[in-house]
Amino acid sequence: MGSLELRNIRKSFGAQEVLKGIDLQVKDGEFVIFVGPSGCGKSTLLRSIAGLEDVTSGTVLINGEDVTVAPPAKRGIAMVFQTYALYPHLSVRDNMALGLKQAGTPTDEINTRVAAATEMLSLEPYLKRRPAELSGGQRQRVAIGRALVREPELFLFDEPLSNLDAALRVQTRVEIARLHRQLGATMIYVTHDQVEAMTLADRIVVLNGGVIEQIGSPMELYNRPANLFVAGFIGSPQMNFIEAARIGETGATIGIRPEHLSVSPTEGRFRGKVIHAEHLGADTNLYLETETAGLVTVRLFGEHRYAADDIVHATPDPAKIHRFDESGRAITA
Amino acid sequence: MSKARQSTLRTSLVHVALIAYTLVALFPVFLTIINSFKSKQAIFGQPLRLPGPSTFSLIGYETVLKQGDFVTYFQNSTIVTVVSIFLVLLFGAMAAFALAEYRFRGNTLMGLYLAIGIMIPIRLGTVALLQGMVATGLVNTLTALILVYTAQGLPLAVFILSEFMRTVSDDLKNAGRIDGLSEYAIFFRLVLPLVRPAMATVAVFTMIPIWNDLWFPLILAPSESTKTVTLGAQLFIGQFVTNWNAVLAALSLAIFPVLILYVIFSRQLIRGITSGAVK
């Protein structure tokens, strides 16, 4: 299938530099997710890989071949868009077949490939319909089917689930994971949703302001965030950041994930008042106004009977404390 | 529309206004057609009467079909109109696509330059146009008319179509690029089918002034073999005597080709006009 290598990719729109030197290697069959806040350059990076944007400098290699100036169709890629981008005047079948027809693929071959994709995505009943007659989830499946029939080296997904409702999003997420296992294809996926990133990725690339903050497996990012940005971005509810001096710790900032704090009504390290409690069934989130550490979020597993205005004590698990220096980088012990 | 927003009074007021406007718009056409079937005395005696047994006469139509070569005139008008519409739509859409799709230096200026033609009437340049046609030997050819009408129709076409083309999603065009479509294929196979309603709108707005024009046929192509219908009908308007039967008959006949073209475009046209308002 396909590997991808990016060497010092830079991209400017006028005077504004959007990508500031991106280096990345993606191995054959890997599922890599670009994640970051809006405007961090993740979509621009994906479009540069696709060839829809020309990079200002740097090199894009797909399967070891320099494709920096190759047109999108010659890069061996397929892309799935957030807005589905189906051809509205063509039937589902023709939507999937257009690219192959354009490439001059023999009709038999087109039929075989479309049939295989249709089978894999259970699209048989819809082949003759127009996109307007399909629901959002079905449209996105057609868009994925259109990518499949190209049998690309590299699948590119640009926020494919963002336009779907919550239930469908989970369902399609599972479907994409299954496809990845089934095809063993290399996939690059852009999202701003960290849950998608954590659940799907082999490796996550966290982008911020046009630079890569950290690359790692979901659990590496969770357990060993390289800096304050990654620590705050991965994990929900967000990690608590406390000025180290306030609580007598070393380093500049202390980070504790809400799930690594325990709560007791009687004794503990940070005494505080519950200002809001969220009961989610499986989890209970408490927002505490503490005397020493300021505002602290605590995530408890299961149901708990805390309510607003209760006085409680929160204690961090000492093994799970993250320390950061003045520049925001993690201090590794 | 929901029941709550509908009131019988409001709906009927709207309909009264629309019907009144329709009557005002159709009255001259109606008058032309009924009078074309009447004898000369009846046209002046009772211009508003329908043709009766005593006043019915086909003399106008007989004159038109005998005198002058109206089949040729119709043919000329049709060729000029259809070819001009085709060229306006083709070049207008291409220019609009370039303006809407590509970022290049001077894009906005180019758009403004192309749109200026909407405000400056092409007739101001008649003398220069005539000199140009004389120099190139195009006087008394249909080509001269087609060239002028294409130039006349382009500004509005570019203006309307570029607005519509901006609404075609970028993702769609990018999907086409990934599927290996060339920029021409994207234009012809993805974008044009999607802006078809706008194309029909432009076609109608372009067609009517061309079909009805008297000015340029009179100046650039007044020869017998290149006359258009509108110019041909002038044959019956004299300085002292005007053959009203023939004029009215010629005008009635001239309505039909344009009506047929309009019906072809109109289904698309309605979608074009309302597509911005109704999502």
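## A helix pair in chain A

α2(A) passes α4(A) in a right-handed crossing. The model is predicted. Helix α2 of chain A spans residues 92-102, and helix α4 of chain A spans residues 136-149. Their axes come within 8 Å. They cross at roughly 30 degrees. Angles under 35 degrees count as roughly parallel, and α2(A) and α4(A) are therefore roughly parallel to each other.

Which residues make the contact? From α2(A) come A:Val92, A:Asn95, A:Met96 and A:Leu100. From α4(A) come A:Val142, A:Gly145, A:Arg146 and A:Val149. By class, five residues of this contact are nonpolar, two are polar and one is charged.

## Where chain B touches chain A

The two chains meet through 13 residues of chain B and 17 residues of chain A. On the chain B side, two elements give two or more residues each: α8 (170-178) and α9 (183-194) of chain B. α8(B) supplies the largest share of that side, with six residues.

What is the make-up of the chain B side by class? Seven of its residues are nonpolar. Three are polar, and three are charged.

## The domains of chain B

Seven residues of domain 1 of chain B are in contact with seven residues of domain 2 of chain B. On the domain 1 side, α1 (8-36) and α2 (40-45) of chain B each supply at least two residues. α1(B) gives the largest share of that side, five residues. The domain 1 side has three nonpolar residues, three polar residues and one charged residue.

## The annotated region of chain B

An unreviewed UniProt entry places the feature "domain: ABC transmembrane type-1" at residues 74-265 of chain B. How much of the chain is helix over residues 74-265 of chain B? The helix content there is 77%. Strand content is 0%. The end C-alpha atoms of the stretch are 20 Å apart.

Definitions and conventions
Residues numbered from 1 in each chain as written. Chains lettered and ligands numbered in written order. Predicted model: local features only at pLDDT ≥ 70, side-chain atom pairs only at ≥ 80, totals over all residues. Axes fitted to C-alpha atoms, helices over the stretch in contact; angles between N-to-C directions. Helix = DSSP H or I, 4+ residues; strand = E, 2+ residues; numbered from the N terminus. Parallel < 35°, antiparallel > 145°, perpendicular 65-115°, else oblique. Left-handed = near helix turned anticlockwise from the far one by under 90°. Nonpolar A, V, L, I, M, F, W, Y, C, P; charged D, E, K, R; others polar. UniProt positions renumbered as here; feature names shortened; annotations may be inferred.
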